[in-house]
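Please keep the sequence and the structure in view while reading.

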Amino acid sequence: MTDYYQTLGVSEGASPEEIKKAYRSLANKHHPDKGGDQAKFKDISVANDVLGDPQKRAEYDQQRRFPQGQQFHFHTGNNPFGDIFGGASPFGDIFGQMHRQQQRRNRDLNIQCQVTLLDSYLGKQLEAQFQLPSGRTQTVVINVPAGISHGETIRYQGLGDDSVQGTQRGDLNVTIIVIGDPNFERRGNDLYTTVEITPIESLVGCRKAVRNISGQHIDIDIRPGVETGVEFASNGQGFTDIQRHIKGRFVAVVKIRSKPITDPDLVARLRQLDAEITQRG
């Protein structure tokens with residue numbers, strides 16, 4: 001059994017904030033766009049998907065404690081589409097004829113599909129192939145709409161169970177699992193990122209080109225005296241609202257990045273400059 005805590009390098013008692021911080025650090029380090037290992041990045045993303053969700057984490061912890069007991073499926077294999085769930089009713093024959101009639105109906109089937117945050121932003125078409133309870137192989141083209149959220153389900157009528165001949169097939173439910181991105185975060189329909197500036201830039205102001213998740217660059221003018229946490233928003237650059245067909249905001253949050261200065265001459269000059277700024281302020 002894969003140890004997701006070890007994958008993220010956190011303890012079993014790690015808080016949600018610690019898990020999130022560890023994921024962002026590792027994902028940024030191993031991101032394929034930065035020359036990282038794609039397989040490692042996927043392992044990190046899957047571990048975060050499980051440990052970052054309270055319900056999934058609780059189920060995972062229970063499976064770790066009682067490995068011979070109830071089994072939970074997290075779909076961490078190379079195939080991004082989950083197992084099909086189903087099975088006979090646990091109530092035996094207590095419902096008599098009604099139960100037997102229900103058994104003659106074809107069931108709805110459920111699979112999971114993993115997509116990236118970029119896929120959920122732009123939309124994507126995927127092809128899934130899985131085995132039906134009858135033994136036949138089913139192929140379906142999944143149209144993931146732009147703006148779909150983590151955990152939402154797409155329903156395809158007539159593509160489910162076909163075991164019972166002479167009756168209508170069940171439906172297929174595809175649950176979308178969105179893998180997080182270390183550089184961007186979705187909040188509602190708004191897309192958030194961080195723009196880092198130096199202490200000097202925060203004092204005098206600057207212009208920064210911030211990259212959207214789709215690769216588009218947006219220029220923002222940062223005023224002098226800006227502080228960490230100030231937000232700059234651009235309307236119509238966020239996620240698409242599937243129901244209303246409008247886009248949310250793209251929000252860049254300022255973070256002042258400083259690093260230690262060890263050069264004595266430079267330290268002296270900065271202290272003198274700081275004194276002058278304080279006098280004039």
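## Terms and basis

A residue is called buried when its relative accessible area is under 20%, exposed when that area is over 50%, and partly exposed in between, with a 1.4 Å probe and protein chains only. Accessible areas come from the Shrake-Rupley method with a 1.4 Å probe, and for residues only the protein chains shown count as cover.

The model is predicted, so local features need pLDDT of at least 70 and side-chain atom pairs count only at pLDDT 80 or more, while totals for chains, interfaces and linings use all residues. Residues are numbered from 1 along each chain as its sequence is written, and side-chain values use heavy atoms, with hydrogens and water left out.

## The chain as a whole

The chain contains eight helices and eleven strands. These elements are DSSP runs numbered from the N terminus: helices are H or I with at least four residues, and strands are E with at least two. Of the 281 residues in the chain, 35% are buried. The chain exposes about 17400 Å², and carbon and sulfur atoms supply 47% of this area.

A contact means heavy atoms within 4.5 Å. Among contacts in the chain with a separation of 6 or more, 56% are between residues 24 or more positions apart. With a relative accessibility of 9%, H31 counts as buried. Leaving aside residues up to four places away in sequence, H31 touches G36, F41, D181 and P182.

Strands of a sheet pair through backbone hydrogen bonds, either parallel or antiparallel. Here two strands are taken to pair if DSSP finds at least two bridges between them.

β4 and β5 (residues 172-179) run antiparallel and are joined by four bridges. R155 has N173 in β5 as its bridge partner.

## Pairing around β11

Strand β11 (residues 247-256) pairs with strand β7 (residues 190-197) in the parallel sense, over seven bridges. In this region, L191 stands opposite F250 of β11.

β11 is also joined to strand β10 (residues 231-240), by six bridges in an antiparallel arrangement. N235 has R249 in β11 as its bridge partner. β10 and β11 form a hairpin with six residues between them, and H245 in the turn has a positive phi of about 60°.

## Salt bridges

Side chains of opposite charge can pair when their charged atoms come close. A salt bridge is defined as a side-chain nitrogen of Lys or Arg within 4 Å of a carboxyl oxygen of Asp or Glu. The structure holds 14 salt bridges. In one of them, K20 pairs with E185, and the closest N and O atoms are 3.5 Å apart. This pair links distant parts of the chain, with K20 in helix α2 and E185 in strand β6 (residues 185-187), 165 residues apart. K20 is partly exposed at 38% relative accessibility, and E185 is partly exposed at 22%.

R257 and E196 form another salt bridge, with their closest N and O atoms 3.1 Å apart. Because R257 lies in the loop between β11 and α8 and E196 lies in strand β7, the pair ties together parts that are 61 residues apart in sequence. A further salt bridge joins the side chains of D241 and R244 (3.4 Å, N to O). D241 is buried at 13% relative accessibility, whereas R244 is exposed at 56%. Salt bridges that share partners also join K20, R24, E185 and R187 into one network.

## A nonpolar surface patch

I200, L203, V204, I261, L266, L270, L273 and I277 make a nonpolar surface patch of about 650 Å². Patches consist of residues with over 30% relative accessible area and no salt bridge; like charges are joined within 9 Å, and nonpolar side chains (Val, Leu, Ile, Met, Phe, Trp, Tyr) within 5 Å. The elements that give two or more residues to this nonpolar patch are α7 (199-204) and α8 (264-280). α8 gives the most, with four residues. L273 is located in helix α8, and its relative accessibility of 38% makes L273 partly exposed.
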